[in-house]
Amino acid sequence: MLSRRTLMLAPAAGLIAVPAKAVTAALRVAFVYVSPVGDAGWTFQHELGRRALDAAMGAAVRTSFVENVEEGADAERVIRKLAADGNDLIFTTSFGYMNPTLKVAGSFPGKKFEHATGYKRSVNLATYSARFYEGRYAAGVLAGRMSKSGIFGYVAAFPIPEVLQGINAFTLGARSVNPKATTKVVWTSSWFDPGKERAAADTLIAGGADVVTHHTDSTAVAQAAEEKGVFSIAYNSDQSKYGPKTCLSAITHDWSAYYIRRVKAVLDGSWKSIDTWGGVKEGMTKLAPFNAAVPEAVRKEVAGVMAAIGAGTRKPFAGPLADQDGKIKVPAGQAMADKDIAEMKWFVDGVQGKI
Amino acid sequence: MRLERRAAASAAMAVLAPVIAVMLAGLGAAALFAALGRDPLACLYTLFIAPLADGNGWSELGLKATPLLLCAMGIAVGVRANVWNIGAEGQFTMGAIAGAAVALGLGDAGWFVLPLVLVAGVAGGAAWGGVAAWLRTRCNAHEILVTLMLSYVAIQILGWLVRGPMQDPEGFNFPQSPMFAASAMLAPLFEGGRVTGALVLALLTVPAGAVLLDRTVAGYRLRVVGLAPGAARYAGFSERRAVWFCLLLSGGLAGLAGVCEVAGPIGQLMPSISPGYGFAGIIVAFLGRLRPVGILFAAVLMALLYLGGESLQITQQLPLAATGVIQGMLLLFLLAADVFTLFRPRFSRSHGDG
């Protein structure tokens with residue numbers, strides 16, 4: 001893509017015989033993070049994506065990020081400043097940035113914006129998210145095979161669709177190998193609160209759970225499980241160093257390929273405002289390497305489930321599906337539509353806890 | 001070393017002390033920037049000057065200072081009467097909720113929606129402060145604890161509302177309310193900026209606060225209750241009334257701050273509507289020495305530090321923690337300068353007379 005500066009300089013460059021490439025400015029790409037980068041968690045995975053983008057594109061891009069940006073009134077100022085400062089493509093990586101991003105995109109029609117996990121788009125604002133629940137289903141199979149009690153503990157932040165999809169998919173995965181499995185849920189009402197997450201995990205373990213997992217941002221659950229000697233399955237990032245003996249695996253996010261693809265699209269002029277909801281198939285949802293405690297047969301089975309989900313032959317929300325009250329939500333022989341998955345606000349049979 | 005109160009603080013030092021403190025903090029910041037391998041002058045420029053380089057920067061400064069000023073002013077009036085409202089964050093939240101309820105209930109009914117939204121915001125915040133006042137005067141439950149704890153209650157209520165009764169039915173079950181209609185929103189003061197009339201309201205509290213505290217009988221009573229409760233009782237000044245007055249006033253102002261955020265730059269109710277304005281208001285109140293004009297300066301300084309911190313991240317790629325260190329240094333130097341203006345250090349070898 002030629003920037004205006006390149007166009008203006010091109011004739012001059014020709015005259016003094018400087019190769020045109022030398023005056024082509026790098027594409028400037030900025031990321032807005034909701035929390036500090038840290039060394040694990042939601043923001044850390046986006047940061048890994050940014051670093052991969054840097055490594056893959058070299059001098060063609062110049063990336064930067066702003067961390068710990070509040071989702072309230074501050075977000076709009078930060079996004080606006082990034083756009084005014086000359087960034088060409090801006091990724092805003094938390095749901096609460098939706099309306100601010102939309103507003104800023106409206107005032108900078110020449111720039112491109114991408115908002116993670118939202119649903120509002122415009123000519124120059126695309127959206128993207130991942131089917132985290134696909135990894136959750138496979139993790140449920142893993143938990144089901146490794147558990148003795150058939151009771152799972154789930155530390156969850158907020159009852160929004162993304163979290164409910166995960167809890168339901170995990171439970172369905174576990175029930176596919178142990179029909180009596182139940183999942184107990186404790187809400188923390190915070191994405192990042194190591195103290196509360198720790199207390200919730202302790203409560204769940206005391207209540208008989210022998211595999212715990214979480215949809216929160218810290219490493220507290222893996223650490224609690226390691227201390228108590230029960231298994232854990234981590235979320236967001238590989239947390240094996242926080243649970244060397246007990247952290248069975250982790251459902252991880254990988255945004256690298258997506259970020260590289262979108263930046264290339266801007267560079268070659270093919271960028272369009274689209275909605276991307278990738279999963280196992282696109283490599284956006286993955287499982288971290290298995291712990292040594294996972295037997296070979298289970299590894300093969302879980303890897304097989306992942307492969308089947310990636311190939312589309314196994315759908316986590318395939319019927320027959322009943323909610324907690326036994327009401328049929330998806331009849332046998334059908335799979336849930338994407339729209340219904342996106343708006344999910346109920347628990348499947350087998351989950352203990354209320355929304 | 002011990003500190004001895006000066007008989008009279010030097011008038012020149014009262015003005016110079018903050019200037020010296022800012023310069024010391026600037027030197028400290030420059031050293032930090034150099035240690036991080038950045039150009040110190042460019043970074044100082046980014047921190048203090050660049051955010052105000054254009055009209056939009058001033059607009060953002062006003063936007064950021066407004067809630068700080070409103071929260072701090074109420075807190076300061078209370079502290080002068082020895083009534084400690086630590087829970088402006090909760091009153092801010094309840095004000096936002098009450099205003100949002102009116103905004104969503106009335107929709108685009110007409111010009112009268114916005115005044116009602118603002119009144120509801122003030123009432124919501126005052127009511128939340130009133131709960132603490134009632135518990136203090138009725139059950140003698142201390143307001144420090146009660147107001148702080150009620151903040152967490154308010155935040156949980158907000159979280160429940162945006163996932164339940166006030167959730168946007170077309171919002172794919174995300175935790176947020178519908179956007180407010182135009183007639184419920186504060187309009188920007190000028191085209192292209194985000195600062196609203198809320199800034200004017202906040203600025204009006206500066207002369208109002210000064211008159212209340214220093215020129216009225218009511219303010220005199222509050223100060224007597226705060227400084228000498230025994231004398232106040234003897235003079236027949238009711239402590240009860242002071243508690244009610246302070247908590248209703250500071251609650252109302254915090255509520256106004258809250259409703260002006262949701263009916264201004266945010267435009268809807270969502271789980272995170274405040275980056276801790278209510279708590280930062282306590283720092284602002286004390287940084288401003290509990291005096292209205294001082295609070296105005298303190299609020300502007302805090303707002304500038306927020307903006308400058310963002311700029312440092314964006315243009316210099318400095319980590320957020322570096323900004324935190326600089327903010328901490330500045331507050332430390334300001335408070336230290338304050339101490340040495342009011343007190344004289346005495347160095348003595350004998351330990352017996354201390």
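Two strands pair if DSSP finds at least two bridges between them. Strands here are DSSP runs of at least two residues (E), helices are runs of at least four (H or I), and both are numbered from the N terminus. Keep that in mind for the first stop.

Quick housekeeping. This is a predicted model, where local features need pLDDT of at least 70, side-chain atom pairs count only at pLDDT 80 or more, and totals for chains, interfaces and linings use all residues. Residues are numbered from 1 along each chain as its sequence is written, while chains are lettered from A and ligands numbered from 1 in the order in which they are written.

Start in chain A, at strand E10, residues 247-253. Which strands pair with it? Strand E9 of chain A, residues 231-236, pairs with E10(A) in the parallel sense, over five bridges. There, A:Ala234 has A:Ala250 as its bridge partner. Strand E12 of chain A, residues 285-287, runs antiparallel to E10(A), with three bridges. On that side, A:Ile251 stands opposite A:Leu287.

Now, burial. A residue is buried if 20 or more other C-beta atoms, placed from the backbone, lie within 10 Å of its own; 12 or fewer makes it exposed, and in between it is partly exposed. Seven of the seven residues of E10(A) are buried, so the strand is largely enclosed by the rest of the structure.

Next, the cores. A nonpolar core is a set of buried Ala, Val, Leu, Ile, Met, Phe, Trp, Tyr and Cys residues joined through C-beta atoms within 7 Å. The largest has 108 residues, and B:Leu68, B:Cys71, B:Ala72 and B:Ala299 have the most contacts inside it. Helix H10 of chain B, residues 239-266, gives the most to this core: 16 residues. Apart from it lies another core of 100 residues, including A:Tyr97 and A:Ile167.

Take B:Ala72. Contact means C-beta atoms, placed from the backbone, within 7 Å. Beyond its neighbours within four places in sequence, B:Ala72 touches residues including B:Gly281, B:Ile295 and B:Ala299.

For contrast, look at B:Asp54. Find it in the loop between helices H2 (40-49) and H3 (55-80) of chain B. Buried or exposed? B:Asp54 counts as exposed, because it has 11 C-beta neighbours inside 10 Å.

Last stop: where the chains meet.

Key:
Two residues are in contact if their C-beta atoms, placed from the backbone, lie within 7 Å.
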